[in-house]
Amino acid sequence: MIDKNAVKAAVEQWLQGNDYFLVDVVMGPDDRIVVEIDHNDGVWIEDCAELSRFLQDRLGDELGNYELEVGSAGIGQPFKVPQQYMNHIGKEVEVLGADGKKVQGVLTAVSGTGFTVTVREKQKVEGKKRPVMADVEKAFDMNGVKYTKYLLNFK
């Protein structure tokens, strides 16, 4: 039986010298290993195939009866690593806070495990009868939200 850390170590070895980064390695109960990688400009199928061949060469017999699947982190899937937040600065995201409230806005900054989303909200302005729409910055902690994901917009 192969160890998840052995798979991660082999993936990290392939990643050296590449602009890709590791998102996740999932060892399924159905004898399936799923390796998710990502890149600032998207993931190419040729690179997934190259990584798959690399892992099969490196791990060989250790893979045994496991089915190996190498792919990109899905575009509509929640972010799993800080680099995904960095790659989406300036883009619309959806955040589900720990309180269960969803926020949609533009990811404007990332620092450590914190990030900021700018949202359009109605704000009461002194001297005005009606609230006006204004940009409001909301700060979050990556570990304090249920999920953050890229918001697909087909407008």
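Modeller: Gladly! Let us begin with a definition: a helix here is a DSSP run of H or I with at least four residues, and helices are numbered from the N terminus. By that rule Asn87 is found in helix H3, residues 82–87. Please keep in mind that this is a predicted model.

Biologist: How do you know that the length of helix H2 agrees with what it should span?

Modeller: H2 covers residues 45–59, which is 15 residues. The expected span is 1.5 Å times one less than the number of residues, so H2 should span 21 Å; the C-alpha atoms at its ends are 21 Å apart, and the two agree.

Biologist: Which residues of H2 are buried?

Modeller: They are Cys48, Leu51, Ser52, Phe54, Leu55 and Leu59. Viewed down the axis of H2, the buried residues fall within an arc of 160 degrees, so they line one face of the helix. On the other side of H2, Glu46 and Asp57 are exposed.

Biologist: What covers the buried residues of H2?

Modeller: The cover includes helix H1 (4–15), strand S2 (32–38) and strand S3 (67–72).

Biologist: What makes S1 and S3 edge strands?

Modeller: Start with the sheet: 3 strands form an open sheet in the order S1-S2-S3, with mixed pairing. Strand S1 (21–28) and S3 stand at the edges because each has a single partner strand, so one side of each is left without a neighbour in the sheet. On average, neighbouring strands of this sheet are turned by 15 degrees against each other, direction ignored.

Biologist: How do you know that S2 and S3 pair?

Modeller: Two strands pair if DSSP finds at least two bridges between them. S2 and S3 are joined by 6 bridges and run parallel. Arg32 stands opposite Glu67 in S3.

Biologist: Where do the helices H1 and H2 lie against this sheet?

Modeller: H1 lies across S1 and S2, running at about 155 degrees to S1. H2 packs on the sheet and touches S2 and S3, and its direction makes about 145 degrees with that of S3.

Biologist: How many aromatic pairs are there in the whole structure?

Modeller: A search of the whole structure finds 4 aromatic pairs. One of them is Trp14 with Tyr20, at 5.9 Å centre to centre and 40 degrees between the planes.

Biologist: Why is that pair called tilted?

Modeller: Ring centres within 6.5 Å make a pair; planes under 30 degrees apart count as stacked, over 60 as edge-to-face, and the rest as tilted. Trp14 and Tyr20, with their 40 degrees, form a tilted pair. Trp14 has 6% relative accessibility and so counts as buried; Tyr20, at 8%, counts as buried too.

Biologist: What makes the pair of Phe79 and Tyr85 edge-to-face?

Modeller: Their planes are 80 degrees apart and their centres 5.0 Å apart, which gives an edge-to-face pair. Both Phe79 and Tyr85 are buried. Together with Phe115 and Phe140, they form one aromatic cluster.

Biologist: How do you know that S5 pairs with S4 and with S6?

Modeller: We count bridges again. Strand S4 (residues 92–97) and strand S5 (residues 102–111) pair in the antiparallel sense over 5 bridges, and the partner of Val93 in S5 is Gly105. S5 and strand S6 (residues 114–123) also pair in the antiparallel sense over 5 bridges, with Val110 opposite Phe115 in S6.

Biologist: Which glycines have a positive phi in the two hairpins?

Modeller: The hairpin of S4 and S5 has 4 residues between the strands, and Gly100 there takes a positive phi near 90 degrees. The hairpin of S5 and S6 has 2 residues between them, and Gly112 in the turn has a positive phi of about 60 degrees.

Methods:
Residues numbered from 1 in each chain as written. Predicted model: local features only at pLDDT ≥ 70, side-chain atom pairs only at ≥ 80, totals over all residues. Heavy atoms only, no water. Buried < 20%, exposed > 50% of the residue type's maximum accessible area, 1.4 Å probe, protein only. Arc of directions from axis to C-beta. Contact = heavy atoms within 4.5 Å. Axes fitted to C-alpha atoms, helices over the stretch in contact; angles between N-to-C directions. Phe/Tyr/Trp six-rings, centres within 6.5 Å; stacked < 30°, edge-to-face > 60°.
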